[in-house]
Amino acid sequence: MVSAKSALYYATHVNELRAIIQWTTWHNPVHERNEAKECETLKECFRLLNLTSRSFAAVIKELHPELLVPVCLFYLALRGLDTIEDDMTIDIEVKEPLLRQFDVHLEDESWTFDGNGPNEKDRELLVKFDVVAKEFNKVKETYRAIIKDITKRMGNGMADYAKNQDHNANGVKTIKEYELYCHYVAGLVGEGCTRLFVEAKLANPALLNRPELMESMGQFLQQTNIIRDIREDHEDRRYFWPKEVWSKYVTEFGDLFLPENKQKALNCQSEMILMALKRADECLFYMAGVKEQSVFNFVAIPQSMAIATLELCFQNYDMFDRNIKITKGTACSLMMESTQNLQLVCDVFRRYARKIHRKNSPRDPHFLEISIACGKIERFIETIFPTQTAKTLSAGSSATSTAVAGRPPLSEAEAEKRKEDEEAKWDVIYIMVAVFGTLGLISILMIGAAWFFGARFDLAFGALKNGNFLPPKTPQEVSSVASVVSSKYEGAVHSEL
Amino acid sequence: MATFKKDEKVKSLGHVVVTGGSGFLGHHIVSLLSTRGACTKITALDLRTDANPVDGVQYETGDITNYDAMLSLFQTLKPDAVIHTASPHAMNNKNHDLFYNVNVNGTKTLVRASQEAGVKAFVYTSSASVIHDTVSDLVNADETYPLIMGDDQPEYYTTTKAQAELHVLASNRTASHPNFLTAAVRPSGMFGEGDVQLLPPGLSAYYRGQTKFQLGNNENLFDFTEITNVAHAHHLALAALLASHDRDASGLARPLDHEKVDGEAFFITNDSPVYFFDFARMVWAAAGDQTQPSQVWAISKDIGLLIATLMEWIFWIFRLGKPNLTRQQVKYTCMTRYYNIDKAKKRLGYRPVVGLDEGIRRGVKDALYRGVVVGQPMDLKGKKEQ
C-alpha cells in the first residue's frame, strides 16, 4: 500500500506522480509473452525470474520472442551463480567446485542444490534448478553455447575471488582489480547479451568488433551499483571500492563513514563517480548499434537509471549514511524516455551530465576532470545527433551568409531573410528611440515646470549630499534639515526671503 | 612527452627556423623541439631576442616584412623547414595596418623567401577564430566550415590571419615550386606558461573579487589549449610535411586525399571542451579561490547584455574609457565554441600531451611567479613554491 510518506512526497512532486500514472497506463510492451503456449517448466522459469529479479524481470519479459527464453535462462543461470557466491554459509571447499562447474549443472536436468543457508532469499531458484536445465536444453544450440561460455567464465572468475583470502579479508586493492571484478560480474554479462543480440540479428554485428563498448555497458552499471551500495556493503563487510582510491583520503576504509571525514568521503566519492562517468559515452555508442526496439529498451533502461543514480549520489553525503535510490516517479519517467529512441536517451544523458556539472565544486580535487567528463558526454551526443554542421549552420547566424572568395552568392530567400532581419532590427531601434524620447521629453517638461514654479533643486541636492535620502517625517526634522541647508546655502536662502 | 626521447632513432627535422621564436608560442616550440632533440639545428627569428633563451638555439633578429633581409637570411641559414608563428598581439592593438602588414605581407614575404631559398616545408600558425564570426555558437566545428573574413568578420585581426592562411595553403606544391609543402595549425584558446592573454586577465578577475559572478547558465562548452600541445602539433605537422617531401623525393606515390597533411589546415585543442566558467573557476581555484557553487550569483545572458549595454553607454557619455563589462565579453562568456579535431588526430596522430588540469596549475603558478597579474599580491612574484 502507499505509505503516508510517499503520498506526501507525490503530492508535492506532481510531475513524478504524473510519470508513474503515464507509465502504468500508457506503456505498451513491444512484445508480450504468450503464456497460453508455454509449457509448465517454462512457466516455472518465469515464476523464478519474477522471484529473483525485481528490476530486470519486466524488461526481459518484453523482449523479442526470439530472445525471450534465452535471455531469461541466461539471467537465471547468472542469478544461480550469484546465489552460490554470495552465500557465506557455504564452505569454500563446496563452493569452489560448484562455481567452476556451474555450466555443466546448467545442462544437467537432474541437478538441484539445497545447500544454501535458510536466510538466502533466492534459495528456491537452486532448489528447483532442474526446470531451468530442462528449458535450457530446448534452446537453440548457438544460444546455448554463448550462455554456457559466459557462465563458465564467470563461475571461474567468482571461484578465484571466493578462494582469494586476501580479497575476502581486505577487499579490492587496485583500480585494475576493481575493473577486473566488474568485468567478471558485469562486463561478461554485457558480452553474453551482445553475442545473443547479434546472433539473433537484432543488433549490429560491428558491436562484436568493439569489445570495449560492451565492456563499458557492464562497467557503467556495476560501478554505479558499487558506488551507491557502499553503506550496505560496508555493513556486510564487503569492500569493492579499491584501496588505491580510498587510501588517498583516509587510512582505514571505515573512516570514510566518520562525520569528521565528511569532506574526504565526498572527494573520494567524486573520484569513484568520475571513473564510472568516463564510460558513459561508450554506453551511448553501444546503444546506437542496437536495431530492435525491445532490445533497445532492455539495454537503455538500466543505463538511464545508472546515470540518474550517479547524479543522485554525486556530492550527496546521505549515501554514506543510508541506502539511497532514485524515486519511483523518476524511474517511471526515465523508463518512458528510455523505451523510445536513442535521441531521447541521449537527452537523458545530457540532462544528467549537466546536473552533475552543476553540483561540481572547484574545491573538489577532481573538479576539472568531472567537467571534462560531462563535456565529453555532450560532445559525443553532438557527434551522433549534430545540431550544427558546415552545411546546416544555424539559420540567422551570419556564418550562413559569409562571402568567402569563390563561394556562391546568397540565394534569393537568404537575401530576403537578411533584409527582413535588418528591417526588424531597425524597427526595434526606432521604437526604443520613440519610447525613450517621449519619456525624456515628459521628464524635461515636468522638471522644467517644477523649476518654473520655483522648485529649489539646489536645496534638494544639498540635502541629498548630506545623506538625507528620505523625506523628513516630523516638523523637528524638517526644521533641522532646513537649518543645515540654510546655513550652507545662506546666500540663496536670503535672496529667497 | 614520453613518446619522444633524445636517444630514440627518429628522423631529424634538419635545420628549422621558428619565426616569432621569442614569443609565447614560438618560445614553446623552440624549447620543445630542442628538448626532444628533433632538429639538427634550430634558429629562432624575432624582432627582439628572447628574455630567457633556450640553450643551443641560434637567435636572429629580423623583420619578416622585409623581403631582402629575409631572403639573404634564409640563403645564409639554408633551413630545411620554417615554422611561422610571428604575429602581433590581437587584444591590445587596434592597428589595422600593423595587422595587415605583419600577418599578410609578412607571411607572403616569408613564403616567397622560403620558396626561393629551397625550404622544403612550411608550417603556419593560424587561428581557430578564422571560421568564427565572434557571435554565433560553434558546436563541434570541423575544417569543412568556411573561413569568415572581410565584412562578415568583425575582428580585422582574424581576417588577416585567414588571408595569410589562404596564401600559405595556396602555396603548397605550386607549379613553380612543386616541392614546397605547407600546412596550417589552428589552435583554440591558447594558455600556459608565459601566457599574457588568457590566464593573467582571468586571474585579475579573482583578485578583483569577481569570482562570485557568473554570466549565463554555464552550459556552454569551450575549447582551451595548453601551449605545449600547440607546440607538439606544430612538430607533428612539420614532421608529416617533411615525410611527404621525402616520399616525393624517393619517387613514392603521394599520400591519399584522406591522409594528406600538405595543403591542409588543422584545428588543435586539448580535446576536452569544458564549460566556460569551469575553466575560469579552475584557474581561480589554482590561485586559492574558495568559492562554492552555492555562493555563485548567475546573471542570465540577457540581463548581462543589458547591464553591459548600459555600462558602455554610461562610460561613453562620461568618457570614462572601457567599462568592466562589455557586450563582447558577455557574448564570449556565454558562447559555445568547441571543435572536432578528428582530422588532426587521424592525419597528424595528434593527442594532447599536457592535460587541462595540469596545464592550468602550471600556468597559474607561472603567471603569479612572473607577477603579470593585475592586482595580484606582489609577494607571490618571484616566489618559486606557494
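At what angle do helix α5 (residues 65-86) of chain A and helix α9 (residues 129-136) of chain A pack, and how many Å apart are their axes? The two helices pack at about 140 degrees, and their axes are 10 Å apart. The structure discussed in this report is a predicted model.

## Chain A: overall form

Chain A contains 26 helices and zero strands. Its C-alpha trace spans about 120 × 65 × 50 Å along the principal axes. The radius of gyration of chain A is 34 Å, whereas a compact globule of 497 residues would have a value near 23 Å.

Of the 497 residues in chain A, 45% are buried. Among the contacts in chain A with a separation of 6 or more, 72% are between residues 24 or more positions apart.

## Chain B: overall form

Chain B is built with 11 helices and 15 strands. Its C-alpha atoms fill a box of roughly 65 × 50 × 40 Å along the principal axes. The radius of gyration of chain B is 21 Å, and this agrees with the compact-globule expectation because a globule of 386 residues would have a value near 21 Å.

Buried residues account for 55% of the 386 residues of chain B. For contacts in chain B between residues at least 6 apart in sequence, 76% join residues at least 24 apart.

Two packed helices are described by the angle between their axes and the distance between the axes.

Helix α22 (residues 367-384) of chain A and helix α7 (residues 276-286) of chain B have axes that come within 10 Å and cross at roughly 170 degrees. Because of this angle, α22(A) is roughly antiparallel to α7(B). The crossing of α22(A) past α7(B) is left-handed.

Which residues make this contact? From α22(A) they are Phe367(A), Leu368(A) and Ser371(A), and from α7(B) they are Asp278(B), Phe279(B), Arg281(B) and Met282(B). The residues of the contact of α22(A) with α7(B) comprise four nonpolar, one polar and two charged.

## Two loop residues of chain A

Ala390(A) is placed in the loop between α22 and α23 (412-452) of chain A. Its relative accessibility is 24%, so Ala390(A) counts as partly exposed. Leaving aside neighbours within four places in sequence, Ala390(A) is in contact with Thr144(B) and Tyr145(B). Ala390(A) and Asp91(A) are 299 residues apart in sequence, and their C-alpha atoms are 65 Å apart in space.

Is Glu38(A), at 10% relative accessibility, buried or exposed? Glu38(A) counts as buried, because buried means under 20% relative accessible area. This residue lies in the loop between α2 (14-26) and α3 (40-52) of chain A. Not counting residues up to four places away in sequence, Glu38(A) touches Arg33(A), Lys43(A) and Phe46(A).

Technical notes
Residues are numbered from 1 along each chain as its sequence is written. Chains are lettered from A and ligands numbered from 1 in the order in which they are written. This is a predicted model: local features need pLDDT of at least 70, side-chain atom pairs count only at pLDDT 80 or more; totals for chains, interfaces and linings use all residues. Side-chain values use heavy atoms; hydrogens and water are left out. Axes are lines fitted to C-alpha atoms, for helices over the stretch in contact, and angles run from 0 to 180 degrees between N-to-C directions. Helices (H or I, at least four residues) and strands (E, at least two) are DSSP runs, numbered from the N terminus. Angles under 35 degrees count as roughly parallel, over 145 as roughly antiparallel, 65 to 115 as roughly perpendicular and the rest as oblique. A crossing is left-handed if the near helix is turned anticlockwise from the far one by less than a right angle, and right-handed if clockwise. Contact means heavy atoms within 4.5 Å. Ala, Val, Leu, Ile, Met, Phe, Trp, Tyr, Cys and Pro count as nonpolar, Asp, Glu, Lys and Arg as charged, and the others, Gly among them, as polar. Buried means under 20% relative accessible area, exposed over 50%, partly exposed in between (1.4 Å probe, protein chains only). The radius of gyration is taken over C-alpha atoms; the globule rule is 2.2 Å times the number of residues to the power 0.38.
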